[in-house]
Amino acid sequence: MTLRTKTFIILIFFITPIIVISGILSLSLLEKSIREFAHDGLNKISEANCIWISKFLDDTLKDTEAIASSLPEKALYERNISVIEGYLKSKFNIYSKFSNGMFILDEKGNLWVDYPPHLEIRGKNFAHREYFKTTMERQRGIIGIPYRSARTGEPVITFTAILRNSKKHVIGLLGCSVQLLHSNALGGIRKMKIGDTGYISVFDPSGLIVLHPEDSMVLQKKVPKELIEYLKTVDRFKSVEKTINLEGIPVLFSIGRIPETNWIVVAQQTEREAFNSIYEMRKKFILIGFAVLLISMTFAAIAIQRVTHPLRKLRETISKYGEDPESIYLFSEREHHFRENLIRINPSDEIGGLTQAFKTMYERLGQTLFSLKETIKDWERAFNTVQEPIFLLDKDHRILRLNRSAADLIGLPIKEIIGQTCYKLIHRTEAPPNFCPYLQTLTACKPIQQEIEIEEPLLRGIFEITISPVVDKNSIIGAVHIMKDITSHKRAEMSLEASEVKYKTLVESLSDALLMLDNESNILSCNQAFCNLFGYERKEIEGKPIRILHPSNESFYSFNQLVYPIVKENGLFRIEWNLRCKDGKEVPVEITTSLIKSVEGAISGYVNIIRDMSERKKVEQEKSQLEEQFRQAQKMEAVGRFAGGIAHDFNNLLTVIQGNCDISLLELNDGNPLKYNIEQIRAASQKASDLTRQLLAFSRRQQLDPKVLDLNAIIKNLDKMLHRIIGEDVKLITILSEELGKIKADRSQIEQVILNLVVNARDAMPDGGTLIIETSNVELNEMYTKSHIDVISGHYVLLSVTDNGVGMSQEIKEKIFEPFFTTKEKGKGTGLGLSTVYGIVKQSGGNIWVYSEPGKGTTFKIYLPRVDEYIEEVKEGGADEIPKGSETILVVEDDETVRGMATRILSTLGYRVLDASEAKEAVRLLEEHRGLIDLIITDVVMPTMNGKQLIDHLRFTFPNLKVLFMSGYTDSTIAYYGILEEGINFIQKPFTLNTLAKKVREILDFKKSMPVYSFLKR
């Protein structure tokens, strides 16, 4: 370390701490003031936006309630769409903020009018919307939760107001939708900027983004975890906090809550921008401190320089000469400059004397070096002109000299290479390797030339090496080592060979067939995939015209006329075609044809890539069949729902008709001429009841009594009946499996299925034929279920009914299970036979499939789930007589005709009857009645309070209450009310006098339960 440097460091050591400590103290005071100012600004921004948003939401909700209160009451009550729509239009033009529209929902959530009108959504139910549920629950208008409109895709918020009629009953709600991002709503807030990077955003308590400058972020839950924790404690939030946003950038934020919605307003700004003035001030302080320090250092350096200048000058001059003394003499200008530097040094002291002695020595040595340098320079110029790398080696492999090309090849400076042994420098070994050509030169004493591939850190490639020995007095004292880099040439040769191998491998590894054709469409070559697909050997196909692959001349010429003009114009064309294999079989393929061009650009041939489409065509066909099965299942389900929908009202009517007929028949003598007429009415009503059951069977909504059954036993029991049905000209064959599994179904319904299928088969064989009924155990696997929709894999019992009759076309098969569809003449069939079969099978958990072709007969296959349970014993019924009684019975039924009919039947049977039209009236009768009530007969579905709710209410007081439920609704409906649970008494409408009498007597005679006493007695 020089004297000048030591002095300089000592001065800086005392000056720098003073400057740094003063700057830090001043800067900390200013930063504190700026931070407080930034925090206060963010707090005020969030408070101001909370007030503005709160006012907007409150005003908008009041506007919605004002619109609702002024709706035309009469038009609203009558649901006059045109009047209400006109009113909404007028309000829509006044309140531009309701740009997403206005609408009215009834009390069930059905939309019946809106503006602007969107007819496609009128009639739809929106009861699932949160704003509807909350409004109806609170019985007042609300500000809805933001959501994305399914119609426009825009974020919206709905304001609601309750609609009431003149009796203050709720009849629906008015909804006014506001587009959140619209400029006349809250869209302006999200465009507000806090500086360059800050903005306003709004969240709900769950972290859902209500407003954000970026549209893609609205209604998303992309909130940093740290910010979510602050949102949960917003009520205790009193200051500005710091967090990290989703981009990982530190931000400052202030939070405020909007009372009406509990929304949270967040004003945020990046910490970098908020405290930018602090950072700028820090920079200024650093620059000022640096400037002060620099000035101090400058003055110190000037003072030190004056003290140490003579000594430094002499050192620099001597150092320059020591590094390159001969260079001083190369140029007269540099020599003059060197001499001037020596003269300027003051010779009056010891330093001056030392300078004079060095000057004399320098002049004598410089002249000698200059002459020697010129000689060496001429030789170097010639040596470095040679382009090939040249090394001069001694007998010990040491590098004595090398030219510039050799140094460039190794990548090291010449000075670092000279003196090293070639094997240690290049091969990193302690001795020459066995393949060293210099060793061969030393042995043979003659020049050697050979190619060597070198893979070393300093040298990589393929080289042609020539070594010529240097001989002195008949002994080798060294060698001239010349290297020629032939790597590119060798790499090109190897690359060409590798490309050929890769090409052959690629072609042979293709799963698609490949053909190379010349301009005359002759086959030049093919791959193995082609041979596998078409069955040819290579020698059989190569050289042959491609015509042999086409099924006909017409196919060949059509292909050529269609494909090749397009390929010549576009360079590529793909088409599906049929080609012929060696064995004559045609195969569907996809052919991709492209051009082969010569170097000059002329067309020299074609490439055909041929893909086998057989599997794809098969998959497409299977997909089409599954889609057709799905459409058929949907259609059958829709027709079933329609057929089952009429059951309730129709059953009520039939109940009244049959009941009144039964009562009239009891009151009329045998000789009365009206008795025959009433019997005919009753017979017709019974047929109508059977028709209703058939419709319910198809719709899978009838009430079943499933039992474990032996299908073989059922078929054997029906044998005689089946023979009578089919007649003598039809031969009946039954093939019943000896180890057939059990099924669980309604016995009467399964018998109905068999009878309907047999009748259908008989009608399909007008001239006689053969009818086969077969049973067996089957297992449907996953492969079967994939090709048959709505089928679950597992163990089944198969019932197969086959005839050799007229068969069916595809159009008839698609409609065969539809109700009222028949191919018979008018008056010879209802069209409900097979639809009843379909419904019974489906309701029993099974599946039915039909296979038929015109003229080849028909097979119906029914798969019913197999069960491992025991068959229940069937108890014989008693004598067919009408039981009577004298107990007191309460009938609760909202249908006046059904209630009157039931009352008359029970009165006729000797019972004392009370009747009520609804649940409240039934409770009132119990309060007023002073005797005991032995049985309550109630309808299931009634307004205000259903029958199940009525009985549950009464059981708090009468736990042993005897009850008989009745209903004309379908099985699925009454099951919803829990009526079909085990232990509950139920009778299905329509019922006859005999059926009702037996059911009532059965319940009354079952044990002894506590009767229902009136509340006054209790």
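Predicted model: local features only at pLDDT ≥ 70, side-chain atom pairs only at ≥ 80, totals over all residues.
Reader: Let's start with the whole chain. How many helices and strands does the protein chain have, and what share of its residues is buried?

Author: The protein chain has 32 helices and 35 strands. Of its 1018 residues, 43% are buried.

Reader: Why is Gln269 called buried?

Author: Buried means under 20% relative accessible area. Gln269 has 12% relative accessibility, so Gln269 counts as buried.

Reader: Which residues is Gln269 in contact with, leaving aside its neighbours within four places in sequence?

Author: Gln269 is in contact with Leu42, Ile194, Gly195, Thr197, Gly198, Val251, Leu252 and Ala274. Take Gly198: it lies 71 residues from Gln269 in sequence, yet the two C-alpha atoms are 3.8 Å apart.

Reader: Gln269 is found in strand β11. What makes β11 "mostly covered"?

Author: Eight of the eight residues of β11 are buried. Trp263, Val265, Ala267 and Gln269 point one way, Ile264, Val266, Gln268 and Thr270 point the other way, and all are buried.

Reader: Let's turn to His397. Why is His397 called buried?

Author: The cut-off is again under 20% relative accessible area. His397 has 6%, so His397 is buried. Its place is in the loop between β12 (390-394) and β13 (399-402). Not counting residues up to four places away in sequence, His397 touches Gln420, Thr421, Cys422, Tyr423, Pro432, Cys436, Tyr438, Leu439 and Leu442.

Reader: In the five-stranded open sheet, what makes β18 and β19 edge strands?

Author: The order is β18-β17-β21-β20-β19, with antiparallel pairing. β18 (523-526) and β19 (572-580) each pair on one side only. Neighbouring strands of this sheet are turned by 30 degrees against each other on average, direction ignored.

Reader: Which helix packs on this sheet, and what joins β19 to β20?

Author: β19 and β20 (residues 586-597) pair in the antiparallel sense over nine bridges, and Glu590 in β20 is the bridge partner of Glu576. Helix α18 (residues 553-570) packs on the sheet, touching β17, β19, β20 and β21, and its direction makes about 165 degrees with that of β19.

Reader: How are helices α24 and α27 placed against each other?

Author: Packed helices are described by the angle and the distance between their axes. The axes of α24 (residues 747-763) and α27 (residues 833-843) come within 9 Å and cross at roughly 145 degrees. The crossing is left-handed. Among the contact residues are Val753 and Leu757 of α24 and Val837 and Ile840 of α27. By class, the contact has five nonpolar, six polar and no charged residues.

Definitions and conventions:
Residues numbered from 1 in each chain as written. Heavy atoms only, no water. Pairing = 2+ DSSP bridges. Helix = DSSP H or I, 4+ residues; strand = E, 2+ residues; numbered from the N terminus. Axes fitted to C-alpha atoms, helices over the stretch in contact; angles between N-to-C directions. Contact = heavy atoms within 4.5 Å. Buried < 20%, exposed > 50% of the residue type's maximum accessible area, 1.4 Å probe, protein only. Left-handed = near helix turned anticlockwise from the far one by under 90°. Nonpolar A, V, L, I, M, F, W, Y, C, P; charged D, E, K, R; others polar.
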